[in-house]
Every structure is written in C-alpha cells, then in structure tokens.
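Here's one to pick apart together.

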Amino acid sequence: MSELPVLDAEDQRVLGSLMEKQTTVPASYPLTANALRTACNQTSNREPVVDYDLPTVERIARSLRDRGLLRIVWVDTGRRTLKYHQTLDERLGLEPDERALLTVLLLRGEQTPGELRTRTERLHPFADRSEVETCLRRMAARPEPLVRELERRPGQHDPRWIHLLGPLPEQIAPAATPAIDRDAVIADGPDARDARVRTSYDAVATAYAENLTGELDDLPFETWLLDRVVAHAAGRPVVEVGSGPGHITAYLADHGADATGIDLSPEMVAEARRRFPDRNFEVGDLRRLGRPPTSSGWSAVLGWYSLIHLAAAELPDAIAALVRPLDPGGWLVLALHAGDQIRHVDEFFGHQVNLDFVLHDPATIVNLVESAGLVDIEWYLRGPLPTRQESTQRLYVLARTPA
C-alpha cells in the first residue's frame with residue numbers, strides 16, 4: 001500500500017456499512033442497493049444518522065468503484081441482481097482486529113478504547129480494552145498510519161482515537177461534547193468495584209427501603225410495564241436481579257407472578273425479607289443467574305436498575321447471563337439511567353458510600369440486547385420527573401427470546 005485513500009463522509013458511511021454487514025450478516029452479503037441504503041441509514045451504531053436516497057447510494061458506489069474501493073457484481077438469484085462488495089480491507093491489508101476497529105471508526109467517528117471494545121462485540125472478540133489499545137497502536141505504527149490518538153481536551157478522562165482515511169463529519173468534529181470512559185469504574189478491577197457496591201448498599205439498606213418501597217404509586221409508566229410482565233408470566237416463575245429492598249418483586253408477586261428477588265447485598269436481602277416475609281429473596285450475583293428450581297427457565301428476568309454500576313465492557317456478558325436461563329419466549333426487561341456520564345456519589349440517603357452510577361447510551365443497550373439474540377425489542381425513554389427530584393432520563397427495554 002503506497003498511500004491511504006481519502007474518503008469523504010459519504011464514502012466512509014458506505015464502506016463502513018458494507019464492512020459491518022459483511023461480518024454480521026454474511027448470508028445477505030454482498031448487499032443490494034436497497035439493502036446498502038438501509039444499512040447506511042440505520043439509526044443504531046451510526047453517528048451521525050443520515051437519510052440517503054437510492055440515487056445517492058448508487059452515485060457513491062460508482063465513485064468508489066472507479067477508485068478501486070468497491071466492486072459491483074452480478075448475482076443470479078432468479079433474475080440477475082446488482083450487488084455491492086467493498087474492497088477497502090483488501091486495499092489496506094487489514095487483520096481481523098484492525099478491520100473491526102476501522103469499521104466502527106468509519107461509522108461513528110472518534111471513540112475511546114472502551115467504547116470501541118463494546119461496539120466491536122459482533123465484529124471481533126477483544127478480550128479487554130488493553131487488546132483494543134494494542135491493536136490501535138499497531139495501526140498507528142504502520143508506515144502509512146491508519147489511526148491517530150487525539151490529545152485530551154478539558155474534561156476528558158480517556159484518550160480518543162480517529163481514523164486517518166478522511167475528514168470527520170462536522171457533527172462529531174472537535175467541538176463535540178467530551179465522552180466518558182464507562183470502563184473507568186473497574187480501573188482497579190471488577191472485584192474491587194463489587195465490594196464497593198455491596199458495602200455501600202449494605203450501609204443504606206434500611207434508609208433506601210424507607211424512601212423507595214412506595215415509589216410505584218407515583219410511577220404509572222413503570223406500573224404499566226410491570227403489569228405487562230405479570231400478564232405475560234401467567235403465574236410462571238419470574239426473577240428480579242438486583243431486587244434491593246424487594247418492593248418490585250413484591251409487586252409482581254402480589255399481582256400473581258411466581259416472583260423471586262436476588263441481590264448482591266446481604267443487608268438489602270435481609271431488609272426485603274423483613275418487609276415482605278412471605279416472598280422469596282436470595283443473595284446472589286446476576287452474572288451467575290441460574291434457572292428456577294421448579295421450571296426449565298424463567299418466564300421473565302428483570303434487571304430493574306441492576307446494571308447501573310457495570311462498566312460498558314461488562315454489559316455484553318451481563319446481558320447474556322440474564323438471557324441464558326430464560327424459557328423460549330421469555331422476556332428480558334431492563335431499566336437503566338440513560339446518558340453520557342458517570343456520576344460518583346459519596347453520600348446516599350444520609351450514609352457515606354462509594355458508588356459510581358454509569359449512564360448508558362440507549363442505542364448501545366438496544367444493540368447489545370439484539371446481539372444477545374432477542375427479538376421484538378421495545379424501548380422507551382422517559383424524562384426525569386421533577387416531583388421525584390429525578391435528574392436523569394430513564395431507559396426501559398423489553399425483548400423476548402425466540403419461541
């Protein structure tokens with residue numbers, strides 16, 4: 001390779017979309033013009049979101065073909081169909097890990113190593129963020145570097161990387177809001193973070209319960225969602241992981257579900273048992289969720305604000321752990337804080353704690369749920385309720401396993 005191709009924003013979107021779909025849906029690749037248009041205009045895993053029409057996609061494809069970056073091929077499927085195949089990875093001589101990182105950089109612009117690891121989950125299995133960083137530095141050390149580490153701007157806690165194949169779209173150029181490295185919460189290891197979470201919730205268990213066990217009276221949307229879970233379960237086993245003081249599990253049980261609550265904090269479990277003595281609560285870790293003793297699987301698993309202390313890199317495995325013991329047709333229901341920050345708390349309900357609340361991007365969560373093999377995904381974003389002194393948007397996701 002003598003020199004890098006220079007790609008404008010449209011070129012980047014088309015080639016990035018082709019590279020992504022070549023890996024994630026190989027049975028449908030190469031892509032027809034309509035399929036390529038849909039891939040370019042996808043609203044998840046794309047920044048910025050675009051709305052290309054078919055003539056635009058065809059024009060970009062012809063330009064890329066003329067530059068040797070794309071092939072237009074005929075496929076005989078009943079009647080002959082034109083399809084599009086990218087050759088950028090051949091031109092650049094990319095290894096699989098390099099290809100995955102470049103794909104996501106083309107589709108989403110500058111990102112941190114932690115973000116890149118999460119967003120390449122379906123493209124290449126990086127073991128941890130250090131593997132991502134090693135690959136990025138290898139790409140940067142080429143005779144013609146493919147990527148570059150950006151200087152940190154004020155407020156940034158983690159370096160960001162860009163590709164060097166052309167200008168970034170204006171919408172994500174240097175004036176953009178600095179992103180937060182959501183893996184920073186496990187900088188000293190997941191076990192240390194788990195200990196902080198357990199100790200903090202043990203300390204606030206009674207005060208937490210006194211303040212929140214009646215909250216559903218003021219939350220009609222959440223009540224509507226829980227009622228749907230009860231109707232779906234129809235008396236079959238349901239589990240809430242991260243059940244805290246037990247009021248959500250108790251609501252499900254009071255309305256007819258065979259509900260169990262599991263929490264990492266022994267004091268929270270003790271508080272739940274004290275307040276709801278006829279309900280089932282156990283100490284446990286959502287990442288090691290088993291099947292119910294009386295059934296082949298759970299009819300529903302609720303992660304009701306139970307993923308809010310996990311790093312971005314931990315989410316794929318955590319969601320997979322919640323999906324694994326579901327029955328066919330079972331529901332996964334998640335509730336999270338939505339946003340682009342980490343909020344550190346030293347005081348909580350009048351007690352000293354050491355907690356980091358991780359706010360996650362809705363599109364990322366929905367994509368992870370889809371990647372876990374779930375279907376019929378619904379998601380809802382609710383604004384903060386001033387009457388409850390809320391300060392974050394709330395994300396609710398409901399999806400089912402294939403029957």
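**Labels and what backs them up**

Q: Which element gives the most to the lining of the largest pocket?

A: That's α8, with 8 residues. The names come from DSSP runs numbered from the N terminus: helices are H or I runs of at least four residues, strands are E runs of at least two.

Q: Before we go on, what kind of model is this, and how is it handled?

A: It's a predicted model, where local features need pLDDT of at least 70 and side-chain atom pairs count only at pLDDT 80 or more, while totals for chains, interfaces and linings use all residues. Numbering starts from 1 along each chain as its sequence is written, and side-chain values use heavy atoms, with hydrogens and water left out.

Q: What makes a space a pocket, and what makes it a cavity?

A: Both are found on a 1 Å grid over the protein atoms alone. In a cavity, a 1.4 Å probe fits but cannot get out; a pocket is an open set with protein on both sides within 12 Å along at least five of seven lines. Lining residues have an atom within 4 Å of a point.

Q: How much space lies in the largest pocket, and what is at its centre?

A: About 1,200 Å³, a volume being the space filled by probe spheres set on the points, with grid points joined across faces, edges and corners. Of its 49 lining residues, Y208, I308, H337, F348 and F357 are the closest to the centre. The elements giving two or more residues to that lining are α8 (190-212), β5 (237-241), α10 (247-254), β6 (258-263), β10 (342-348) and β13 (393-400).

Q: How does the lining of the largest pocket split by class?

A: There are 22 nonpolar, 13 polar and 14 charged residues. Here Ala, Val, Leu, Ile, Met, Phe, Trp, Tyr, Cys and Pro count as nonpolar, Asp, Glu, Lys and Arg as charged, and the others, Gly among them, as polar.

Q: How many cavities of 30 Å³ or more are there?

A: The count comes to 2. The largest has a volume of about 120 Å³ and 14 lining residues, with E115, T118, R182, A312 and T364 nearest its centre. α6 (113-119) and α13 (362-371) each give two or more residues to it, and α6 has the largest share, 4 residues.

Q: What lines the second largest cavity?

A: R193, R196, V197, H309, N354, L355 and D356 do, around about 50 Å³ of space. Two or more of these residues come from each of α8 and β11 (351-358).

Q: Why is α1 said to be largely enclosed?

A: Because 12 of its 16 residues are buried; buried means under 20% relative accessible area, exposed over 50% and partly exposed in between (1.4 Å probe, protein chains only). Among the buried ones are D11, V14, L15, L18 and M19.

Q: How does the span of α1 compare with what is expected?

A: Helix α1 (residues 9-24) reaches 22 Å from first C-alpha to last, close to the 22 Å expected at 1.5 Å a residue. The rule is 1.5 Å times one less than the number of residues.

Q: Why does R99 count as buried?

A: Its relative accessibility is 13%, so it falls under the 20% limit. R99 lies in helix α5 (residues 96-108) and touches M19, Q22, T23, Q86, D89 and L94, leaving out residues up to four places away in sequence. Contact means heavy atoms within 4.5 Å.

Q: Is I186 buried or exposed?

A: Buried: 18% is also under 20%. I186 sits in the loop between β4 (161-163) and α8, touching R193, A311 and E314, again leaving out residues up to four places away.

Q: What makes the link between E390 and R382 a polar contact?

A: A polar contact needs a pair of N or O atoms within 3.5 Å; within protein, one must be able to donate a hydrogen and the other to accept it, and sequence neighbours count only if both atoms are side-chain atoms. The E390 and R382 side chains are joined at 2.9 Å, so the distance qualifies. A polar contact of 2.9 Å also joins the side chains of E390 and R388. E390 lies in the loop between β12 (375-382) and β13, and its relative accessible area of 11% makes it buried.
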